[in-house]
Amino acid sequence: MSTTPVSTVADLETPLKFAYWVPNVSGGLVVSTIEQRTGWDFEYNKKLARIAEDSGFEYALSQTRYAASYGADKQHEATAISLALLGATERLKVIAAVHPGMWHPGVLAKWLITADHISGGRMAVNVVSGWLKDEFVNFGLDWLEHDERYVRTEEFISVLRGLLTEKDFSYAGKYYNINDFTLSPAPLDIPGRAHPEIFFGGNSTAAQGAAGNTADWYFSNGRSLEGFEENIAGVLKAAAAAGTRTAPVKPRFGINGFVIARETEAEATETLREIIAKAHRPAVEGFAAAVKEAGQSTKDGKGMWSDSTFEDMVQYNDGFRSKLIGTPEQIAERIIDFKKIGVNLLLTGYLHFQEEVAAFGRDVLPLVRELEADLARKNGTELNTDLLPITNLEGARA
């Protein structure tokens with residue numbers, strides 16, 4: 001039985017949202033020679049998106065990658081495949097990861113508005129400050145040091161939101177200057193949102209500050225409960241600072257977790273052991289060296305991967321650290337622990353995407369919903385089941 005206390009920032013009435021990583025890069029989500037029945041091609045991803053939508057997932061996140069790194073020698077560009085996946089689905093929201101420094105916020109705003117109209121309001125973006133130095137340098141782009149990248153990112157999101165929501169928008173900053181610009185058409189007018197959702201990722205103090213000031217959603221690498229509680233507190237502190245927050249709603253929180261759901265805890269633990277035992281050591285070590293440009297280069301040493309071990313980095317977004325490993329019951333209880341500390345969304349990865357996403361929707365999500373409803377009642381409220389996504393577990397499309 002969980003002893004995790006319920007935080008005052010936990011939203012007990014709103015059902016948790018679930019997302020999956022789009023495997024639009026080759027090699028799967030673990031840097032290991034273990035079998036991964038997955039594919040980076042569009043046909044595989046189209047079928048996966050439909051399975052996920054029918055299984056109760058509300059979001060998919062497309063990875064942004066340009067150079068071969070940590071075993072991913074082929075990549076599809078994130079915004080292009082995201083738009084294609086929207087065309088193949090009916091309800092799924094797709095989040096495309098983008099880098100400031102590679103995109104101009106005005107160009108992205110125009111693209112996002114077009115995608116918003118095409119998809120009926122299902123396009124979102126994840127603004128990623130960037131950590132792979134070689135991608136920028138080899139493209140001939142300016143490479144900024146860690147905290148300065150977040151200064152640019154904060155300006156980027158401010159300009160992006162301004163162009164999405166205002167006419168004759170102007171902005172004078174260190175990295176961007178906009179003069180009386182209006183984008184037409186505007187995004188779709190959809191109840192419950194001010195504009196297409198803006199996600200933002202990072203673990204460092206600088207990232208928490210930027211997210212608190214500007215982002216609708218804050219994404220984190222895999223973390224322990226205690227570690228992510230610290231992140232949430234940092235973002236909320238920044239959001240509460242007088243006059244700094246520009247987003248129209250309070251920030252919401254998503255965390256990455258790699259799911260290994262098996263019939264027994266022993267089977268799940270053995271799968272994790274095999275993944276790590278078969279790790280592609282040169283690729284993982286190369287990744288570890290590259291990410292020194294991220295967490296270890298921060299002023300306070302608290303950024304992404306700053307305290308990650310070799311074993312953690314076999315899943316390159318620290319997904320093992322969230323401990324979504326065990327039986328469906330154990331995983332559901334762990335997910336509820338994250339809800340108790342203030343998490344609103346779980347971003348998940350798998351070894352065998354199509355079959356394990358379907359299994360998660362069938363075996364884990366119903367348990368989560370039961371536990372959520374029970375948690376709400378025990379705390380004097382009710383889970384708003386009107387907000388639960390439509391599922392089609394019996395008739396999943398091919």
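1. Asp180 is found in strand 6. In this predicted model, phi of Asp180 is near 45°, a positive value in a residue other than glycine. At 55% relative accessibility, Asp180 counts as exposed, because the cut-off for that class is over 50%.

2. A positive phi also occurs at Asp168, where the angle is about 50° although the residue is not a glycine. Asp168 sits in the loop between helix 5 (146-165) and strand 5 (169-172). With a relative accessible area of 52%, Asp168 is exposed. As background, most residues other than glycine have a negative phi, and most peptide bonds are trans.

3. The peptide bond between Ser184 and Pro185 is cis, with omega about 10°. Pro185 belongs to the loop that runs between strand 6 (177-181) and strand 7 (198-201).

4. Turning to the whole chain, the secondary structure of the protein comes to 12 helices and 12 strands. The radius of gyration is 20 Å, close to the 21 Å that the globule rule gives for 398 residues, so the protein is as compact as a globular protein of that length. Along the principal axes, the C-alpha atoms fill a box of roughly 60 × 50 × 40 Å.

5. Of the 398 residues, 57% are buried. Among contacts with a separation of 6 or more, 76% are between residues 24 or more positions apart. The accessible surface comes to about 16,300 Å², and carbon and sulfur atoms account for 51% of that surface.

6. The protein has 40 positive and 53 negative charges.

7. Helix 2 covers residues 78-87, and its buried residues are Ala78, Thr79, Ile81, Ser82, Leu85 and Leu86. Seen down the axis of helix 2, these buried residues fall within an arc of 165°, so they line one face of the helix. An α-helix has 3.6 residues a turn, so residues three or four places apart point the same way. Which elements cover the buried residues of helix 2? The cover includes strand 1 (17-22), helix 1 (42-54) and strand 2 (59-62), together with strand 3 (93-98), helix 3 (105-119) and strand 4 (123-127).

8. Thr89 is placed in the loop between helix 2 and strand 3. Is Thr89 buried or exposed? Its relative accessible area is 7%, so Thr89 is buried, the cut-off being under 20%. Leaving aside residues up to four places away in sequence, Thr89 touches Ala49, Arg50, Glu53 and Arg122. Thr89 and Ala49 are 40 residues apart in sequence, and their C-alpha atoms are 7.0 Å apart in space.

Conventions. Residues are numbered from 1 along each chain as its sequence is written. This is a predicted model: local features need pLDDT of at least 70, side-chain atom pairs count only at pLDDT 80 or more; totals for chains, interfaces and linings use all residues. Side-chain values use heavy atoms; hydrogens and water are left out. Buried means under 20% relative accessible area, exposed over 50%, partly exposed in between (1.4 Å probe, protein chains only). Helices (H or I, at least four residues) and strands (E, at least two) are DSSP runs, numbered from the N terminus. The arc is that of the directions from the helix axis to the C-beta atoms. Contact means heavy atoms within 4.5 Å. The radius of gyration is taken over C-alpha atoms; the globule rule is 2.2 Å times the number of residues to the power 0.38. Accessible areas come from the Shrake-Rupley method with a 1.4 Å probe; for residues, only the protein chains shown count as cover. Lys and Arg count as positive and Asp and Glu as negative; His and the chain ends are not counted. The place of a charge is taken as NZ of Lys, CZ of Arg, CG of Asp or CD of Glu.
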